[in-house]
Amino acid sequence: MAGDELAVVRGFSSKASPLASELIKGDTRTAPPGLLATGSYVSPGKKVPLSRYYDRAFAKLEQEKLWKKVWQFACREEDIPAVGDRIPYTVGETSFMIVRTGASEFRAFYNACLHRGTRLCDGLSSGESVRCPFHAWEWNLDGSLKNIPSRWDFPQVKTSEYSLPEAKVGTWGGFIFINPDLNAAPLSASLGILAEHFKTFEPEQRFTAFHISKKVRANWKVVLEAFLESYHVVETHSDALSFTGDASTQYDIWDDGKGHISRLITPSAVPSPHLGDEASIANAVNATFQAFALAMPGVPVPTFDASSQLSGRAQVAEWRRQMMGVGLARDFSSVPDASMIDSIQYFMFPNFCPWYGEGLPLVYQFLPYGDDPNESVMNVRLTAPVPGGGAPRPPSAPIRHIGFDEAFNTAPEIGLLSIIFDQDMSNLPRIQAGLKAAEEGRAVTTLGRYQEQRIRHFHDVLSATLGL
Amino acid sequence: MQSPAGKSGPDSAPDSGPDSSSKPAFVGIAKLADLPEGQQLSVYVGLKKVLLCRAGDRVFAMRDMCPHALQPLLGSKVENGVIKCQKHGATFDLVSGRPTNGVTNAALEIYAVNLRDESIAVAVR
Ligand code: FES
Ligand code: FES
Ligand SMILES: [Fe+2]
């Protein structure tokens with residue numbers, strides 16, 4: 001393909017705003033190996049046909065060869081804290097019921113009654129058994145058949161053959177994954193470098209502080225890809241430029257053929273390189289102080305100290321270490337600056353984006369919705385550290401559902417983040433509409449070599465998974 | 001760019017005050033002297049950014065966020081009582097907030113302004 005032999009430029013910096021990799025090297029703490037690691041994957045750069053985002057046959061292919069065959073993020077352990085708790089995980093038209101069946105044992109059952117098909121679990125619920133609301137067929141938590149009313153009328157039903165069918169379940173760091181393919185290799189292979197990189201973050205020591213489920217009028221891949229790059233910040237989030245290292249973001253991909261992982265690191269408390277060599281560091285630092293302070297009403301907001309030995313980034317990081325240390329009775333003194341303030345987001349194929357570090361500890365999940373490739377669901381949660389000092393584990397926030405035509409700003413618990421999400425959301429239906437209107441010869445994406453390489457990688461893996 | 005003053009906590013929803021049914025009160029947010037003719041000023045009021053535009057004797061106040069793609073309006077052209085967003089060209093009537101072209105159907109949030117004793121007071125909803 002013409003142009004693809006050209007050298008890849010690994011980001012764009014300014015005097016005021018160095019590349020993310022440079023900032024991490026200048027950190028006040030030695031960054032853990034995961035943060036210093038770089039990926040080596042290079043995409044062959046095949047073009048992505050726009051029909052992938054709306055073709056019903058393609059969505060059907062995904063349902064059969066992707067969602068029924070791969071490890072995928074379903075929910076968190078704290079969503080179902082007690083034995084007998086269950087929650088649905090619904091991907092397109094397929095749905096599973098994830099049940100806590102023991103202190104640390106989980107099972108995933110197909111969410112359909114073996115009598116006449118009724119969905120068994122609509123939302124978070126609990127009980128000692130699973131009972132269908134239609135005729136009360138009932139199963140034990142281990143999936144074995146417990147009771148059929150008017151048992152005499154079902155002589156053909158052998159109890160041993162009427163256990164609820166299951167998918168495989170794997171857990172890591174408090175996250176629960178499922179794979180409907182019973183012959184699949186264990187989860188650990190699909191996690192790739194994640195387990196190693198997240199050791200210092202301990203995702204299992206966190207709880208869900210808010211949890212949003214948003215319906216979107218766009219294909220699930222359109223939504224996912226809107227969150228895989230910081231290239232769109234300059235246009236879509238222009239009000240964040242004064243304190244966001246968008247163009248200086250570092251992108252990495254690790255792919256050993258089984259684990260398909262990518263990452264971006266977008267620095268905070270630095271001006272966008274687009275603002276030029278003379279852009280104000282003081283403004284960048286002050287805006288970052290203020291953004292973090294929004295989560296702590298009443299706390300006095302520091303300002304940039306030009307006379308300090310510490311860089312602006314280190315000042316924000318140090319303040320966060322102290323505030324979070326006091327607030328949570330935990331010790332953050334060895335956590336590097338980048339892990340305290342930057343946006344560090346990983347992606348595991350096909351639907352899982354766990355963020356690393358205290359900067360913005362979000363988790364994204366992207367899912368098709370029903371059988372319409374023009375619609376999808378994006379789930380967003382914030383995972384906060386569990387308080388130390390023997391305090392009890394706070395309960396998981398309930399899921400707030402936001403409809404197609406509702407905005408994130410209907411969720412007061414997420415504060416100013418709602419504006420950022422609503423900016424992203426405003427693009428998505430427009431993308432979905434536009435890509436169907438493309439001239440036939442131009443119905444492909446044109447992706448950036450560096451900043452959009454995670455999207456290239458995603459499609460490489462998707463093609464291979466679908467046998468294309 | 002100015003940043004959130006953080007006067008109210010994250011508990012207050014960006015789009016609706018604690019009680020949006022009652023009339024919002026006028027709050028002084030700038031001095032007339034700081035806003036020369038033809039100039040604009042963006043000021044945080046709680047979590048909301050408010051844009052003040054002076055055109056002759058009049059001061060218009062609106063949310064500093066274009067409803068098209070939720071971008072800041074600061075720096076956009078004001079002419080004949082209409083503001084034209086510099087991003088993708090949506091135009092809004094500065095009295096009603098209604099869009100005057102087809103870029104978006106959504107209206108711009110407009111706030112009542114009170115000029116008294118050289119101070120600009122705005123009723124932010
Ligand atoms: S500029 Fe990116 S889709 Fe048009
Ligand atoms: S953001 Fe104003 S016209 Fe698009
Ligand atoms: Fe975004």
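A cavity is a set of grid points where a 1.4 Å probe fits but cannot get out. Rolling a probe the size of a water molecule over the atoms shows where empty space is left. In this predicted model, a search of the whole structure finds 1 cavity of 30 Å³ or more.

Two or more lining residues come from each of β14 (352–356) and β15 (362–368) of chain A.

Next come the helix pairs. Take helix α8 (residues 281–293) and helix α9 (residues 312–328) of chain A. They pack at an angle of about 20°, and their axes are 9 Å apart. Angles under 35 degrees count as roughly parallel, so α8(A) and α9(A) are roughly parallel to each other. The crossing of α8(A) past α9(A) is right-handed.

Which residues of α8(A) and α9(A) meet? From α8(A) come Val285(A), Thr288(A), Phe289(A), Phe292(A) and Ala293(A). From α9(A) come Gly312(A), Arg313(A), Gln315(A), Val316(A), Trp319(A) and Arg320(A). The contact of α8(A) with α9(A) divides into 6 nonpolar, 3 polar and 2 charged residues.

A second pair is set at another angle. Helix α3 (residues 56–67) and helix α12 (residues 453–466) of chain A pack at about 75°, with their axes 9 Å apart. That angle makes α3(A) roughly perpendicular to α12(A). On the α3(A) side, the contact uses Phe58(A), Leu61(A), Glu62(A), Lys65(A) and Leu66(A). On the α12(A) side, it uses Leu462(A), Thr465(A) and Leu466(A). This contact has 5 nonpolar, 1 polar and 2 charged residues.

Two points in the backbone remain. Most residues other than glycine have a negative phi, and most peptide bonds are trans. Where does Ala329(A) lie? Ala329(A) sits in the loop between α9 and α10 (337–341) of chain A. Ala329(A) is not a glycine, yet its phi is positive, at about 50°. The other point is a proline. The peptide bond from Phe349(A) to Pro350(A) is cis, with omega near 5°. Pro350(A) is placed in the loop between β13 (343–348) and β14 of chain A. Strand β14 also gives two or more residues to the lining of the largest cavity.

Conventions. Residues are numbered from 1 along each chain as its sequence is written. Chains are lettered from A and ligands numbered from 1 in the order in which they are written. This is a predicted model: local features need pLDDT of at least 70, side-chain atom pairs count only at pLDDT 80 or more; totals for chains, interfaces and linings use all residues. Side-chain values use heavy atoms; hydrogens and water are left out. On a 1 Å grid over the protein atoms alone, a cavity is a set of points where a 1.4 Å probe fits but cannot get out, and a pocket is an open set with protein on both sides within 12 Å along at least five of seven lines; lining residues have an atom within 4 Å of a point. Grid points are joined across faces, edges and corners, and a volume is the space filled by probe spheres set on the points. Helices (H or I, at least four residues) and strands (E, at least two) are DSSP runs, numbered from the N terminus. Axes are lines fitted to C-alpha atoms, for helices over the stretch in contact, and angles run from 0 to 180 degrees between N-to-C directions. Angles under 35 degrees count as roughly parallel, over 145 as roughly antiparallel, 65 to 115 as roughly perpendicular and the rest as oblique. A crossing is left-handed if the near helix is turned anticlockwise from the far one by less than a right angle, and right-handed if clockwise. Contact means heavy atoms within 4.5 Å. Ala, Val, Leu, Ile, Met, Phe, Trp, Tyr, Cys and Pro count as nonpolar, Asp, Glu, Lys and Arg as charged, and the others, Gly among them, as polar.
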